[in-house]
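My notes follow in the order I checked things.

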Amino acid sequence: SELAAAVAKMVAANARLQSRLEIAEQKIRSQAEEIRIQQSEARTDALTGLLNRRAFDDAIAVCLDRFQGGGPPCTLILLDVDHFKAFNDQHGHQAGDEVLRAVGSTLRKVVKKSDSPCRYGGEEFAVVMPNCKAGQGRIAAERIRAAIESLAVEFEGQKLQVTASGGVAEVDGG
């Protein structure tokens, strides 16, 4: 009968639409994942895997906003690999890159999960420490400095070593 034919056509059309919907939903999930990956890459330093300068700017802005809104203090550690230009001149840029990777890895290992270790630029690194006073920051900075000093980076049969210098600042009412 005509009614059965019409229902059969509607069921077939519904099945086609359902199939197209599932394909579209999969494309949306795939595109959302691609966007998430690109956003992550836009905030990550390719060499060290640490947060990059853009992510640093965001992390410090969040800390400052929270503090100005009556939230906890925030401490910042800035580190610089000592005499890095001379190191690169002596050992080459590939060796320098290995050292920067090792410093980045060390930072990830020695800071708290709530902290944000970043590659600020070149051989400069930063750690944004929310809910942290300067005294705690100084202890963390010394732990980081000692960990970097104890690194022995293997490169082309050599054990390379570097040191780092840094400073600590706490956001306060002034």
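In which helix do Lys85 and Asp89 both lie, and how many residues apart? I find both in helix α3, four residues apart, about one turn of the helix. Helices here are DSSP runs of H or I with at least four residues, strands are runs of E with at least two, and numbering starts from the N terminus.

Ground rules next. This is a predicted model, where local features need pLDDT of at least 70 and side-chain atom pairs count only at pLDDT 80 or more, while totals for chains, interfaces and linings use all residues. Residues are numbered from 1 along each chain as its sequence is written, and side-chain values use heavy atoms, with hydrogens and water left out.

**Salt bridges.** I took a salt bridge as a side-chain nitrogen of Lys or Arg within 4 Å of a carboxyl oxygen of Asp or Glu. That rule gives nine salt bridges. Lys85 and Asp89 form one of them, with the closest N and O atoms 3.0 Å apart. Both residues are exposed. For burial I used relative accessible area: buried is under 20%, exposed is over 50%, and partly exposed is in between (1.4 Å probe, protein chains only). I also noted a network in which Glu142, Arg145 and Glu149 are joined by salt bridges that share partners.

Arg43 and Asp58 meet at 2.5 Å, N to O. This pair links distant parts of the chain: Arg43 sits in the loop between α1 and α2, and Asp58 in helix α2, 15 residues apart. Arg43 is partly exposed at 29%, and Asp58 is partly exposed at 36%.

Arg119 and Asp45 form another salt bridge, at 3.2 Å, N to O. Here strand β2 holds Arg119, the loop between α1 and α2 holds Asp45, and 74 residues separate the two. Both are buried.

**Aromatic pairs.** Rings of Phe, Tyr and Trp (its six-membered ring) pair if their centres lie within 6.5 Å; planes under 30 degrees apart are stacked, over 60 edge-to-face, the rest tilted. I get two pairs. Phe56 and Tyr120 are edge-to-face, because their ring centres are 5.0 Å apart and their planes stand at 90°. Phe56 is in helix α2 (residues 53-68) and Tyr120 in strand β2 (residues 116-121), 64 residues apart. Phe56 is buried at 6%; Tyr120 is partly exposed at 26%.

Why do Phe84 and Phe87 count as stacked? Their centres are 6.0 Å apart and their planes are at 15°, so the pair is stacked. They lie three residues apart in helix α3 (residues 84-91), about one helical turn. Phe84 is buried at 8%, and Phe87 is buried at 8%.

**Cysteines.** With a disulfide defined as two cysteine sulfur atoms within 2.5 Å, I count zero. The nearest cysteine sulfur to that of Cys118 belongs to Cys63, 10 Å away. Cys63 is buried at 5%. Cys118 is buried at 0%.

**Core.** A nonpolar core is a set of buried Ala, Val, Leu, Ile, Met, Phe, Trp, Tyr and Cys residues joined through side-chain atoms within 4.5 Å. The largest one has 27 residues, and Ile77, Val103, Leu107, Phe125 and Ile144 touch the most other members. Helix α4 gives the largest share, six residues.

**Loop residue.** I located His83 in the loop between β1 and α3. It is exposed at 67%. Its C-alpha is 78 Å from that of Ala8, and the two are 75 residues apart in sequence.
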